[in-house]
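Colleague: I am new to this model and would like a close look at one part of it. Please start from a loop and then go on to the ligand.

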Amino acid sequence: MAQSAEQTIRVGIAGTGSYLPERILTNDDLSKMVDTSDEWILSRTGMSERHIARDDEATSDMAAVAAQRALESAGVAAEDVDLVIVATCTPDMIFPNTACAVQEKIGATNAYCFDLSAACSGFLYGLETARGLIVSGIYSNVLVIGAEKMSCITDWEDRGTCVLFGDGAGAVLVQPLQGEGRGIISSAMGSDGTLGDLLKLPGGGSRFPASNATVNERLHYTKMGGNKVFKNAVVCMAEAGQKVLSQAGLEVSDVDWLIPHQANMRIIKAIADRAAFPMEKVCTNLERVGNISGASVPVALDEAVRDGRIKRGDTILSVVFGAGFTWGAMVLEW
Ligand code: ACO
């Protein structure tokens with residue numbers, strides 16, 4: 001049953017939306033907070049500014065706006081959504097899940113809802129999950145949202161990490177394809193739990209429950225071994241990208257747009273260099289939004305769709321990498 005459905009049901013993205021908070025934090029602002037400079041941040045990361053949510057703005061608030069915009073662009077009513085997946089490492093609360101909060105805000109009364117934890121890889125993990133559930137023939141309208149309030153888990157006294165992250169949300173509505181086009185062509189996801197220590201937020205879970213000690217030791221903030229993360233990110237994203245292209249029977253030259261996770265411009269350039277892929281065909285927004293973790297790819301996708309860069313029939317390759325380690329790649333026809 002599942003096998004025959006798999007042969008017939010193609011899955012694609014019917015609408016996109018995104019949201020960035022109003023407040024902008026520039027490199028010059030950061031240089032007044034920690035010992036850094038615009039020159040260091042720009043040359044080491046490619047970032048100039050990032051958006052920061054208001055104190056009273058939680059992840060679900062941003063996710064709901066992005067989701068509404070995705071539904072509008074798909075022309076689908078919230079009541080018709082079957083499933084809401086929110087990929088985030090900054091949920092509103094440990095429970096209830098953020099996806100339920102989004103459901104309540106947008107009125108997706110007939111959906112079931114869950115969060116997905118894969119840090120910066122969460123959005124592609126969510127798309128892969130949506131694809132599998134739609135191919136099963138059971139679900140028709142799945143909202144996949146990447147939403148993060150990274151500013152609330154960022155140590156604003158640690159110059160090694162605080163210059164990197166921003167806040168925002170991106171969403172897509174995933175459906176069985178009705179018309180022409182191939183939609184999602186191939187995908188490859190991976191994880192390596194042996195390297196989990198290199199990128200983590202240790203405090204507040206069952207390992208180190210919140211206490212005065214965890215707060216004093218700043219365990220509720222992101223900890224990262226930047227250099228090792230950098231190297232693994234390049235290798236994993238480059239290899240995953242190559243794998244999905246060969247699974248799809250495509251060459252690098254068949255790709256119209258590469259949408260990588262926006263962790264660092266030097267990581268993105270290293271991936272493009274390895275594949276001899278032209279930077280003009282890489283969608284980047286980290287210079288304006290920083291690293292928004294799970295929201296990076298859907299925000300970059302929505303921007304490129306809305307400004308007309310991505311057109312019907314284009315072949316898009318997306319590659320992601322994040323804490324876990326987790327990584328993935330997907331190739332799709334728009
Ligand atoms: N301003 C000025 N100097 C700084 C800053 C700063 N903001 N941050 C670090 N430095 C200093 C360091 O202290 C160090 O000084 P030292 O040589 O005197 O010790 C020097 O700059 C070099 O530090 P490195 O860490 O080696 O710098 P690097 O070139 O590796 O850049 C960076 C650091 C930008 C963090 C990089 O390693 C990186 O981008 N890593 C990957 C991040 C990433 O991919 N994250 C992905 C996922 S995030 C998620 O999943 C939630």
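Colleague: Between which strand and which helix is the loop where Pro96 is found?

Modeller: Pro96 is in the loop that joins β4 (83-87) and α5 (98-106). Helices (H or I, at least four residues) and strands (E, at least two) are DSSP runs, numbered from the N terminus. The model is a predicted one, in which local features need pLDDT of at least 70 and side-chain atom pairs count only at pLDDT 80 or more, while totals for chains, interfaces and linings use all residues. Residue numbers start from 1 along each chain as its sequence is written, and side-chain values use heavy atoms, with hydrogens and water left out.

The bond from Phe95 to Pro96 is a cis peptide bond, with omega near 0 degrees. A cis bond also runs from Gly324 to Phe325, with omega near -10 degrees; Phe325 lies in the loop between β12 (315-322) and β13 (326-333). Most peptide bonds are trans, and most residues other than glycine have a negative phi. Ala119, not a glycine, has a positive phi of about 50 degrees.

Now the ligand. There are 26 residues around the ligand, and Thr36, Arg44, Cys120, Arg159 and Asn264 come nearest; a residue is near if one of its heavy atoms lies within 4 Å. The side chain of Thr36 has an N or O atom 2.6 Å from a nitrogen atom of the ligand. For an oxygen atom of the ligand, the distance is 2.7 Å to an N or O atom in the side chain of Arg44, and an oxygen atom of the ligand is 3.0 Å from such an atom of Arg266. A polar contact is a pair of N or O atoms within 3.5 Å. On its own the ligand has 1000 Å² of accessible area, of which the protein covers 74% (Shrake-Rupley method, 1.4 Å probe). Two or more residues of the shell come from each of α3 (38-45), α7 (159-162), α9 (226-248) and α10 (265-274). With four residues, α9 gives the most.

Two of these helices also pack together: α9 and α10 lie at an angle of about 35 degrees, with axes 9 Å apart. Axes are lines fitted to C-alpha atoms over the stretch in contact, and angles run from 0 to 180 degrees between N-to-C directions. The contact (heavy atoms within 4.5 Å) includes Phe230 and Met237 of α9 and Arg266 and Ile267 of α10.

Technical notes. A polar contact is a pair of N or O atoms within 3.5 Å; within protein, one must be able to donate a hydrogen and the other to accept it, and residues adjacent in sequence count only if both atoms are side-chain atoms.
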